[in-house]
Amino acid sequence: MTMGATTPPTIDDRFENMIISPERVLEMLGRRKVGEVSFEQSEQGDARRLLLHVEKVAIENKRLQEKTEASYLESVSHHLHEILLGELTEQLSYTDELVQNVLNLPENIGELLDALSVKACSVSKLEPIAATMPWLYDELIVVVNTPQFRRKDSRGRIIVVETLRTALSFLGIENLRTLIPSLILKRAMPQITDPYPLIKQKLTPYTTGVAITAKRLAALTGLNKNQAYTLAMLSNLGRCVVTRLYFKLFDKIQLHLLQECQKDKEQKRHEALLKVAPSANHLIALQQEFADAVSADILEWMHLMRLPIAEPMRACADKVPAQPKTLSKVLHQARTYTQIRMLHQLKLVEMKEVKPLFMEQRYPAGALEKLKTIDIFTLPLVKNEENH
């Protein structure tokens with residue numbers, strides 16, 4: 001490699017940064033933001049060339065001072081994140097707490113997924129399990145009363161659905177197999193991610209995209225499409241855990257350290273701590289280190305009896321080379337495809353970079369052409385005309 005040459009960031013690195021802020025990827029790629037003018041082209045550049053020597057010295061002194069302050073700020077941030085890593089690592093070992101208290105999911109969530117996965121699934125078998133989850137009832141009622149599923153009685157009046165049984169019946173089992181895993185993920189999704197509000201907005205379409213892509217690939221590979229879909233949808237539960245915990249712990253630790261500074265009258269450190277913000281780089285590193293392993297822990301904790309998705313998730317987390325025609329291979333393929341498609345939408349990847357990745361994943365014959373024609377970011381729910 002020649003001196004000065006730089007390796008472009010990997011697709012994975014671009015995607016992780018894009019989830020937080022597309023501007024970060026533009027900077028990684030060395031591109032200017034839209035409307036940005038280079039320093040040499042600006043009036044500032046002309047003015048700077050006319051600066052007197054005294055002003056130059058003043059500017060240099062200010063730069064050195066800012067550098068020193070930035071270095072101190074960095075050390076304070078590093079200390080905060082050291083504490084955060086210790087607490088986060090410990091909390092990640094309590095899967096039961098993560099599911100019920102961090103993601104707000106019930107203990108019997110695995111029972112619901114098992115019931116959905118069997119061929120003989122019926123409304124009468126789903127209803128008693130779903131009835132224990134008020135949040136799920138609320139979500140299903142909202143969906144079933146949308147124009148897409150609305151029904152009219154013999155006089156042409158809109159039927160307002162209010163009971164769980166009617167909602168399940170009107171939606172139909174196939175729609176529920178698509179909808180319920182998505183609603184589980186929606187409930188787990190991080191809500192407050194300031195100063196990076198885009199995380200939730202990007203994570204939702206990504207999860208949907210991976211799930212729908214996996215379902216299509218499974219059908220082409222001869223695997224169970226609903227198993228592939230559910231695995232792909234729930235494979236981001238770990239990402240939700242890590243994101244939620246990171247922001248929660250950051251606020252808690254920052255507050256604790258600020259209180260310590262007040263007590264010890266450390267004004268300089270107190271001021272620096274107030275300037276420390278959640279770090280995108282730390283969050284990305286934590287995702288890459290822990291997210292898949294946490295997803296595998298959660299799926300194992302669910303004790304799924306009829307839905308064999310814990311093992312392929314664990315293989316993915318352990319970075320075991322995925323064998324062809326397996327659910328873990330389909331998950332890898334779906335993630336790669338969805339990441340590239342999202343980056344391509346924002347012009348953050350070029351086709352010449354994509355081709356080797358597609359070849360490496362060995363998609364089924366004709367799969368990429370078929371996927372091109374599909375909206376992978378919208379749930380494919382269809383109006384169920386049974387019992388109408």
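## A buried cysteine to start

Cys261 counts as buried because its relative accessibility is 1%, where buried means under 20% relative accessible area, exposed over 50% and partly exposed in between, for a 1.4 Å probe and protein chains only. Cys121 also counts as buried, at 10% relative accessibility. The count of disulfides comes to 0, a disulfide being a pair of cysteine sulfur atoms within 2.5 Å.

Before going further, a word on the model: it is predicted, so local features need pLDDT of at least 70 and side-chain atom pairs count only at pLDDT 80 or more, while totals for chains, interfaces and linings use all residues. Residues are numbered from 1 along each chain as its sequence is written, and side-chain values use heavy atoms, with hydrogens and water left out.

Arg177 is part of helix H10; helices here are DSSP runs (H or I, at least four residues; strands are E, at least two), numbered from the N terminus. Arg177 is buried, with a relative accessible area of 11%. A polar atom of the Arg177 side chain lies 2.7 Å from the backbone oxygen of Leu116.

Setting aside neighbours within four places in sequence, Arg177 is in contact with Leu116, Ser117, Val118, Lys119, Cys121, Asn226 and Tyr229, contact meaning heavy atoms within 4.5 Å. The buried Cys121 is thus one of the residues that Arg177 touches.

## The buried side of helix H8

Helix H8 covers residues 134-144, and its buried residues include Trp135, Leu136, Leu140, Ile141, Val143 and Val144. An α-helix has 3.6 residues a turn, so residues three or four places apart point the same way. Among the elements that cover the buried residues of H8 are H6, helix H7 (123-130), helix H9 (164-171) and H10.

Rolling a probe the size of a water molecule over the atoms shows where empty space is left. Across the whole structure, the search finds 2 cavities of 30 Å³ or more. On a 1 Å grid over the protein atoms alone, a cavity is a set of points where a 1.4 Å probe fits but cannot get out, while a pocket is an open set with protein on both sides within 12 Å along at least five of seven lines; lining residues have an atom within 4 Å of a point. Points are joined across faces, edges and corners, and a volume is the space filled by probe spheres set on them.

The largest cavity holds about 80 Å³.

## The largest pocket and Asp292

The largest pocket has about 770 Å³ of space. Of the 29 residues lining this pocket, Asp12, Asp292, His332, Arg335 and Gln339 are the closest to its centre. H15 gives the most to the lining, with 7 residues. By class, the lining divides into 11 nonpolar, 9 polar and 9 charged residues.

Asp292 sits in helix H15, which runs over residues 280-301. The side chains of Asp292 and Arg335 are joined by a polar contact of 2.9 Å, that is, a pair of N or O atoms within 3.5 Å; within protein, one must be able to donate a hydrogen and the other to accept it, and residues adjacent in sequence count only if both atoms are side-chain atoms. Leaving aside neighbours within four places in sequence, Asp292 is also in contact with residues including Ser235, Met313, Cys316 and Ala317.

## The second largest pocket

The second largest pocket has a volume of about 290 Å³. H17, H18 and helix H19 (367-372) each supply at least two of its lining residues, and H17 gives the most, with 4 residues. Among the residues of this lining are Tyr337, Arg341, His344, Phe358 and Lys372.

Technical notes: Nonpolar A, V, L, I, M, F, W, Y, C, P; charged D, E, K, R; others polar.
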